[in-house]
Amino acid sequence: MVPSRPDRRSAPVALVTGAATGLGLEIVRALAARGHRVWLSARTFRRAADAAAPLVAAGLAVEPLALDVADAASIAAAARVVEASGHGLDVLVNNAGVLLDEPHDALTVPLDVVRATLEVDLLGPWAVTQAFAPLLRGSRAPRVVNVSSTAGSLHDLAAGAAPDAWGPPAYCTAKAALNALTVLTARAFERGRGPRVLVNACCPGWLRTGMGGPAATLAAAEGADTPVWLATLPDDGPTGGFFSERQPYPW
Ligand SMILES: NC(=O)c1ccc[n+]([C@@H]2O[C@H](COP(=O)([O-])OP(=O)(O)OC[C@H]3O[C@@H](n4cnc5c(N)ncnc54)[C@H](OP(=O)(O)O)[C@@H]3O)[C@@H](O)[C@H]2O)c1
């Protein structure tokens, strides 16, 4: 059965980055199924449109959008498109990410790999959140979800207990910094007027995606659970937190 299309005038509007594949695509699918109107963004419009087509054919309110999180001009253009739609923005999911440095440790990883990782995994969400902050401030129930990783948990890294403690140094550093950015963004939004902007980070789990590989424990759709929960928190929900499986996770 084809689900009925939500009323586009009243449906909450969400934007997911890096959403042509993997976890991002599943977050789009889940939010759209819950009645959100969703911008499915990818580095190119063609990639976004190809990924959106089957969802649109299934009756979901999904719109493709070009958004390269490492390209300032692309981010600015995407913000203009969303603003021009006139529907505002209620939910931003910073999902796009890269893992480029697996065979290395902190002493051997080439710094150009570190820079490329930080560009997407840290500066990307930072720039995208800044660009869409004015639209989010206009929402009645604004939410920002930063897709991070337990690989960025300083608690785990210092304890040396988790497998991720031996993980890729650029990726771990970028996700630790993204967690810090999550707290700082939550505090920054608290300075403004209007509804609370709930800003949280999460780990989706180890997922069978291009990044997680085929041996991972969870399907991408299962990994969408915590990000979607954070994207749809009630108004009195948490902000400035880091979650895994809907539970607070040690920083
Ligand atoms: N998989 C896991 O086990 C796991 C665990 C913890 C956290 N995470 C996090 O979950 C998020 C999604 O990862 P995934 O597992 O779904 O991996 P994935 O399948 O590799 O998806 C990553 C997505 O990010 C996009 N992307 C990369 N650079 C981009 C850029 N400059 N601008 C816009 N999009 C860009 C990719 O687009 P292209 O296809 O065009 O490159 C791809 O669609 C990431 O933030 C990752 O760190 C994943």
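**A tour from the ligand shell to the strand pairings**

Begin by selecting helix α1, residues 22-33: with 3 residues, this helix contributes the most to the shell around the ligand. The model on display is a predicted one.

Next, display the whole shell, where 29 residues surround the ligand. Gly18, Gly22, Gly97, Thr209 and Gly212 are the closest of these. Colouring the shell by residue class will show 15 nonpolar, 11 polar and 3 charged residues.

Now turn to the strands. Select strand β6 (residues 198-203) together with strand β7 (residues 241-244); the two run in the parallel sense and are joined over 4 bridges.

Phe243 has Pro248 in β8 as its bridge partner. Together β7 and β8 make a hairpin, with 2 residues between the strands. Centre the view on Glu245 in the turn, where phi is positive, at about 50°.

Finally, colour the protein by pLDDT. The mean is 93, and 94% of the residues reach 70 or more. Among the elements to select, strand β4 (residues 91-94) has the highest confidence, at 99, while helix α5 (residues 154-159) has the lowest, at a mean of 90. Residues 1-8 deserve a separate selection: the pLDDT over this stretch is below 50. Beyond near neighbours in sequence, residues 1-8 have 15 contacts in the model.

How values were computed:
Residues are numbered from 1 along each chain as its sequence is written. This is a predicted model: local features need pLDDT of at least 70, side-chain atom pairs count only at pLDDT 80 or more; totals for chains, interfaces and linings use all residues. A residue is near a molecule or strand if its C-beta atom, placed from the backbone, lies within 6 Å of it. Ala, Val, Leu, Ile, Met, Phe, Trp, Tyr, Cys and Pro count as nonpolar, Asp, Glu, Lys and Arg as charged, and the others, Gly among them, as polar. pLDDT is the predictor's confidence in each residue, from 0 to 100. Two residues are in contact if their C-beta atoms, placed from the backbone, lie within 7 Å. Two strands pair if DSSP finds at least two bridges between them.
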